[in-house]
Amino acid sequence: MAAEIPPIIAAQLNHLVTYSSLSIKVDQMWSGCKNNAFLDRFTLLIPFCLDYVKWDVIYNAQYPLAAPDIIFGPEDENFHPFQVTSVGERDLKSPKNSLSNWNNRDPSRLLSLVHELRDLYMAYQRNRVAEVDDERLKFEISTIIHRQGIEMHMTSGVEKPEEVKFAVPLLDVDINKMVGFPWKQQPKINLQVVFPVGRKYSSVPSAPRLKLVSSPELNALISIDDVKLPPWLDAMCMAEYLPNLEEYLQGQILEAVALIEVRRRFIEALAPLFGRPLEADPIFCRKATFLGASGVYASLPTQFPKQQPVLTLQSSQHFNPQCAPIKSPPLTDYPWSPRWEASQMAERIFEFLVEECLNFKKYCNEAILQKT
């Protein structure tokens, strides 16, 4: 019989994953019972500094009303968030926290605990970074300490070089307003900056590793992975680099917003040849579906028209063994120039598909013969 999650523990975990403002993930689950009847332990991936830290949450299925234990990673053996201190023979009471008066019947308690621990972990990592004996890092921190929302993380280990990682929020602008589309949460762009820890001062320190990270929903507008970062010049610090980067990113986003209208005009240019689209993305104009002898699906990249659309044909009469309509492989080998007018782009695609539809019909018939 497969192991089950005790209902009280399941309610806590489901509430955490569903309602947390952080994209917390469950990495694995296992049982602490002798007969492995219940899954009462799991590993959480907690977003921190644009990466994840792993924390093990240990419940006891035999005592499901008891608060869980939290086991942190091996690098954080000195992280003791709720440690009770003592003075002489008189114990000091631990300050009130999410474990105080634990009520496991309240499904929100695990969420409150994880969020409180993450806040304490953020303060713990800031203190660790502040203690690093590195003049360059001390200077970097002094120049950006005024910025809101910065996270810091010190990594070290036997097989790992010592590094300090910063997560810096960028662009204090309303991207929703720029796009004209109300995302539930304001999309965010962050810069991850990783400095090696050096014990000696260098007149020309090496450039840090840089990586842009954005909210997933922003991919509909702009591919952050394709944004080429400005160079980090010799003797530059974050306080100098960040304003230039933010100005550059704002220009990239404005350009991406302007390209929405370019894609819209292209989809409109397809209509006289293919008919009105059955479906079309009305916000970002990234996709459109047309009905012809075969269904035509056009997927437009954010870099359109520099990158051409990906076309797919779908049959309405031929189906694979899974009873799904047969589709063509992605089609990109057709005449294209980003300098053409939208009407010329549409005409060349139409001419290409007139012939390609015949090839697709043969492809479908061969697929049916192979199935029989």
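1. A nonpolar core here is a set of buried Ala, Val, Leu, Ile, Met, Phe, Trp, Tyr and Cys residues joined through side-chain atoms within 4.5 Å. Buried means under 20% relative accessible area, exposed over 50%, and partly exposed in between, with a 1.4 Å probe and protein chains only. This is a predicted model, in which local features need pLDDT of at least 70 and side-chain atom pairs count only at pLDDT 80 or more, while totals for chains, interfaces and linings use all residues. Residues are numbered from 1 along each chain as its sequence is written, and side-chain values use heavy atoms, with hydrogens and water left out.

2. The largest nonpolar core holds 63 residues, and those with the most contacts inside it are Phe166, Leu170, Ile189, Leu212, Leu221, Met238 and Leu353. Helix H5 (residues 238–274) gives the most to this core, with 13 residues. Helices (H or I, at least four residues) and strands (E, at least two) are DSSP runs, numbered from the N terminus. Another core, of 26 residues, lies apart from the largest one and includes Ile46, Tyr59, Leu110 and Ala167.

3. Leaving aside residues up to four places away in sequence, Leu170 touches Arg147, Ile189, Asn190, Leu191, Leu212, Leu242, Leu245, Glu246 and Leu249. Contact means heavy atoms within 4.5 Å.

4. Next, the sheet. Five strands form an open sheet in the order E11-E12-E13-E14-E15, with antiparallel pairing; two strands pair if DSSP finds at least two bridges between them. Strand E11 (279–280) and strand E15 (325–327) are at the edges with a single partner strand each, so one side of each is left without a neighbour in the sheet.

5. Strand E12 (residues 287–291) and strand E13 (residues 295–299) run antiparallel and are joined by five bridges. Leu291 has Gly295 in E13 as its bridge partner, and Ala288 stands opposite Ala298 in E13. E13 is also joined to E14 by five bridges, again antiparallel, with Ala298 opposite Leu311 in E14. H5 lies across E12 and E13 and runs at about 5° to E12; axes are lines fitted to C-alpha atoms, for helices over the stretch in contact, and angles run from 0 to 180 degrees between N-to-C directions.

6. A cis peptide bond joins Phe304 and Pro305, with omega about 5°, and Pro305 is in the loop between E13 and strand E14 (310–319). Cys49, in the loop between E2 and E3, has a positive phi near 55° without being a glycine, and Cys49 counts as buried at 0% relative accessibility. Asn101 is also not a glycine and has a positive phi of about 50°, but Asn101 is exposed, with a relative accessible area of 70%.
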